[in-house]
Amino acid sequence: MHRIQAIARRDFLSYYKSPIGYVILAIFVLVNGFLFSSNLLSYRYADVGGQLMAISSILFLIIIPLMTMRTFSEERRNGTETLLLTSPASVAEVVIGKYLGTLYMFLTMTASSLIFLVITVLFDGNVDIKILGSYIGFIFLGAAYLAIGVFASSVTENQVIAAVITFSIIFGLMLADGIASIAGSMMSTFLGNVNLFGLTDLQLDKIGQAITDGLRWPNPTTRLANLESGIFELSPLLFFLSLAALFLFLTGRIIEKRRWSQK
Amino acid sequence: MIEIRNLTKYYGDNCAVNDISFTVNKGEILGFLGPNGAGKTTTMNILTGYLSATSGKVTINGHDILEEPQEAKKTIGYLPENPPLYLDMTALEYLKFVAELKGVPRAERAKQIGEVMRLVRITDMANRLCKNLSKGYRQRVGFAQALLGNPDVLVLDEPTIGLDPKQIIEIRNLIRDLGKRHTIILSSHILPEVQAICERVVIINKGIIAAIDTPENLSRSFSKASRLQVLVQGPAKELTTKLRTIPGVKNAEVVLEKEGGIQQLVLESDPEVDVRKSVFFVLADNRWPILEMRSLDPTLEDIFLQVTGPQTAGRRS
């Protein structure tokens, strides 16, 4: 356990030894502040939860790759990976430690948005359970995406490529949701026109619906809707945790595999 | 202490290490020699657990590196070819991190870090960023890192690379000192260094062990005849004929004629007979002054070239 903490702490602190940590915080606070003030100016109400959701649906595409691109690729490029892998720490400890390092950074960033909550409370603004739901959703979604980023970083020793892979995976998940209904109806129309299997209209509709649902299923953002409106369920949280666990597991496998077939 | 048995490593179709076996005894300093690409670093990476072997077995202190990696790795301090430093940390921060990673108890950390920093003489660099350290200092911080946690086994990949001559001597003395308490494997391409420090030498070439013995035994077994180089002022032809008459001398040849009638000769003689005295008297009787005389025992370098290179390379003197 102390090894995981040691790695996590080192990684967290390293964000502030280069501009990257400050750049991430600045982007986040800037966008958050912009949304907060524009809400106030145009609609005369504060929506801290809504801001977070807006950020999670777009800004994550930039923030998450920036936050995770260095984790493993930098270690490999510098040769410090040797230190970690020849230390008594196991691969699992290394992966979890590095992941926690990014998570600490993410939580620090999230905490900076509490300023807006404080301002809202001070000025008697609208604070309800939905904000809590949004925060929980925001953090769990971020945690899942971070694991994707850590995975991407373990695949390559080039930070830029790692960032692009993370961006593509997250963007792909978002895109899948956007084209889900179109893809579903196109498929059912196509099958209807070809009419190869003699399907009825009802069956065709069901197939189309299944494809739409299938494409929506892996997309994390669709699972936030209930949380956002203050309905707390276990299933989306479990989904995010499983997603994170899956990608961390894959990261561990990638590192193990490289030991067997390096160069 | 360290047992390597039938170790083989393939990178794709490329065989980097081919069925090598050797053991390192407790408290021994073992030198690992070989040309570039011989498989030195691969072997070291495998026995520290960074890479996995294609087949074969490595046990450290009775712990198999694959089956009980935690236990095995606890007993190893590894200094890779490029010291694994986090460039954005100061030397002190870095060593604190490594101590934590290696599970040095909190109470002992400060003391142990102070100790290793004193040993490798980086105390005055403690608060410099690793980024701003010179190659020599980076190497020393890497050395300090390997020493943390007081491991029984030290694996050092080219420990003196990038150091200036004074530092090299310091580090060599340090390694010799450490050898009293630790088992050390060090790789090097600097032959006199290995000759100076190591009790036993493994010469590896193209992934195969070419020779393994003490440096002295290696010299002895590779010397077919002892050779003597003499610098004499005198006529070349008469010199060689006179010298050949000395009992025990098999051959005498002028290898180089210098200005002022100075001849550089190489004598080959029976290894059992010391011909130096007779050579002196023969030359003195003829009033041919000896300017220099030294024996050309095969150095580790000769042996190295002989076992690793093409056959002709071994004849170089």
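Across the interface of chain B and chain A, the rule finds 3 salt bridges, a salt bridge being a side-chain nitrogen of Lys or Arg within 4 Å of a carboxyl oxygen of Asp or Glu. This is a predicted model, where local features need pLDDT of at least 70, side-chain atom pairs count only at pLDDT 80 or more, and totals for chains, interfaces and linings use all residues. Residues are numbered from 1 along each chain as its sequence is written, chains are lettered from A, and side-chain values use heavy atoms, with hydrogens and water left out.

**Where the chains meet**

- B:Asp88 forms a salt bridge with A:Arg10, and their closest N and O atoms are 3.6 Å apart.
- On the side of chain B that touches chain A, α3(B) gives the most, with 6 residues.
- That side of chain B divides into 16 nonpolar, 6 polar and 7 charged residues.
- In contact (heavy atoms within 4.5 Å) are 29 residues of chain B and 29 residues of chain A.

**How much area is buried**

- About 2,800 Å² is buried between chain B and chain A, and carbon and sulfur atoms give 56% of that area; buried area is the accessible area (1.4 Å probe) that two parts lose on being put together, summed over both.
- B:Tyr50, B:Tyr86 and B:Leu101 supply 27% of the area that chain B buries against chain A, more than any other three residues.

**A look at B:Lys9**

- You will find B:Lys9 in strand β1 (residues 2–11) of chain B.
- The side chain of B:Lys9 reaches two backbone oxygens: that of B:Ser52 at 2.8 Å and that of A:Arg259 at 3.3 Å.

Notes
Helices (H or I, at least four residues) and strands (E, at least two) are DSSP runs, numbered from the N terminus. A polar contact is a pair of N or O atoms within 3.5 Å; within protein, one must be able to donate a hydrogen and the other to accept it, and residues adjacent in sequence count only if both atoms are side-chain atoms. Ala, Val, Leu, Ile, Met, Phe, Trp, Tyr, Cys and Pro count as nonpolar, Asp, Glu, Lys and Arg as charged, and the others, Gly among them, as polar.
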